[in-house]
Amino acid sequence: MNLPNGKKNKSGGFQTGADVLEDLSIRGFEIASYLLEWRKISKLKSTYSDSLMLHINNVTGRVHTSFNLAGTSTGRLSSSDPNLQNIPIRDTEGKKIREAFIAKEGAKLLSLDYNQIELRLLAHIADVKGLKNAFKNNIDIHSSTASQIFKVNLNDVDALLRRKAKAINFGIIYGISAFGLSKNLKITRTEAQEFIDNYFKQFPEIRDYMNTTVETAKTTGFVTTLFNRKIHLPNIGTKGPLGGFAERAAINAPIQGSASDIIKRAMIKIHEFLKSSELDADLLLQVHDELIFETNNETIDEIKKRASEIMEQATLPYLDLNVPLKVEGGHGINWSVAH
DNA sequence: AGTGCAGGCCAC
DNA sequence: AAACGTGGCCTGCACT
């Protein structure tokens, strides 16, 4: 179509992913933006609108998922038939899907989610002073990070600096590379490498954590969560791309895995609490760092208070974190409002 | 008609 | 050699 040539995929065709189309669109090729729009709408229609209808149970009138308790390497749950852990939330069209999930008459949906649990656990596990201080003082973590790595006052952190710091914070949890960060932020690899160097200069404990974690994994073949659950890494230490994937998984697994241990402990404690109380509430869903309840209108505030407290204290008595866990909540007539 | 893979894209 | 972690579902296509 006389479009500029892009990269080939392994089948020999041109890549047409969203990042490629976005670039073409910016460069004035209108067809790319139309295709992006069509892809977005058809994704919502086929995967969510059409499919969820077919999953409505004709006895209960509800959609019921299946949770797989042993389907991930890190200890997370997974959800299927339908997957209710990837319901859209980000853009306005997607939010309309969430609005379709409504509470029964006389009740509301209550969503309680852990604020930045993975970065908090990284701060604890790697004993990162710069991160721990920010969390203890309740400062927005991405702004705080931007302030520290770009050497500006907290008040002078603008949206762009915060966005960059946020991308780095996420990248760190995943086992960052200059290549990945540059692609994500649409900057050069040199710039990305400078960001990463600055980051490690401000938070040297994180570099130490990454190095020792990968070394341990190479020696033992596994890493562990804060609750001593093992995660095996059969490809660690091998040559080639698989070895690289295993190293990044080794860095990520203790963080993601510990977070999943914690929310599972919270779910058990909340179940026991609800069973022993007279409160009218049901735990409907878990979405990795979030629990969604359906609660009687009169008991929302009580459930919110008690369940949040259980979630925040869920590591006890086995483990006392040196960073506070924080739970935020919202409620409403549908899932979009609740979140 | 069923199976499997690749590419793409939704969530945390 | 690939290039940021964990998943599941959809379409299109090749294959049996």
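**Notebook: aromatic pairs and DNA contacts**

I looked up two phenylalanines to begin with, and both Phe150 and Phe195 are buried. I note here that the model is predicted.

**Entry on rings**

I searched the whole structure for aromatic pairs and found 6. I looked up the rings of Phe101 and Trp335: their centres are 5.3 Å apart and their planes stand at 80°, so I wrote the pair down as edge-to-face. The cut-off for that label is an angle over 60 degrees. Phe101 sits in the loop between helix H3 (92–99) and strand E3 (107–114), and Trp335 sits in helix H13, so the pair ties together parts that are 234 residues apart in sequence.

Are these two residues buried or exposed? Phe101 has a relative accessible area of 18%, which makes it buried, since buried means under 20%. Trp335 is buried too, at 2% relative accessibility.

I then went back to Phe150 and Phe195, which form an edge-to-face pair with 5.3 Å from centre to centre and 80° between the planes. Phe150 is in the loop between helix H6 (141–149) and H7, while Phe195 is in helix H9; the two are 45 residues apart.

I also found one aromatic cluster, made by Tyr199, Phe200 and Phe203.

**Entry on charges over rings**

I checked Trp335 again and found Arg98 over the face of its ring, 4.2 Å from the ring centre. Lys230 lies over the face of Phe222, at 4.7 Å from the ring centre.

**Entry on DNA strand C**

I counted 29 residues around DNA strand C, with Asp81, Ser177, Gly180, Asn184 and Arg248 the closest. The surface near DNA strand C has 6 nonpolar, 18 polar and 5 charged residues. Which helix gives the largest share of this surface? H11 does, with 6 residues.

An N or O atom in the side chain of Asn83 is 3.0 Å from a sugar or linking oxygen of DNA strand C.

**Entry on DNA strand B**

I counted 20 residues around DNA strand B; the closest are Thr16, Ala18, Arg76, Asn86 and Ile89. Sugar and phosphate make up 83% of the atoms of DNA strand B within 4 Å of the protein. A backbone N or O atom of Ala18 is 2.8 Å from a phosphate oxygen of DNA strand B. A polar side-chain atom of Asn86 is 2.7 Å from a base oxygen of DNA strand B.

Notes: Residues are numbered from 1 along each chain as its sequence is written. Chains are lettered from A and ligands numbered from 1 in the order in which they are written. This is a predicted model: local features need pLDDT of at least 70, side-chain atom pairs count only at pLDDT 80 or more; totals for chains, interfaces and linings use all residues. Side-chain values use heavy atoms; hydrogens and water are left out. A residue is near a molecule or strand if one of its heavy atoms lies within 4 Å of it. A polar contact is a pair of N or O atoms within 3.5 Å; within protein, one must be able to donate a hydrogen and the other to accept it, and residues adjacent in sequence count only if both atoms are side-chain atoms. Helices (H or I, at least four residues) and strands (E, at least two) are DSSP runs, numbered from the N terminus. Ala, Val, Leu, Ile, Met, Phe, Trp, Tyr, Cys and Pro count as nonpolar, Asp, Glu, Lys and Arg as charged, and the others, Gly among them, as polar. Rings of Phe, Tyr and Trp (its six-membered ring) pair if their centres lie within 6.5 Å; planes under 30 degrees apart count as stacked, over 60 as edge-to-face and the rest as tilted. Buried means under 20% relative accessible area, exposed over 50%, partly exposed in between (1.4 Å probe, protein chains only). A charge sits over a ring if NZ of Lys or CZ of Arg is within 6 Å of the ring centre and within 35 degrees of the ring normal.
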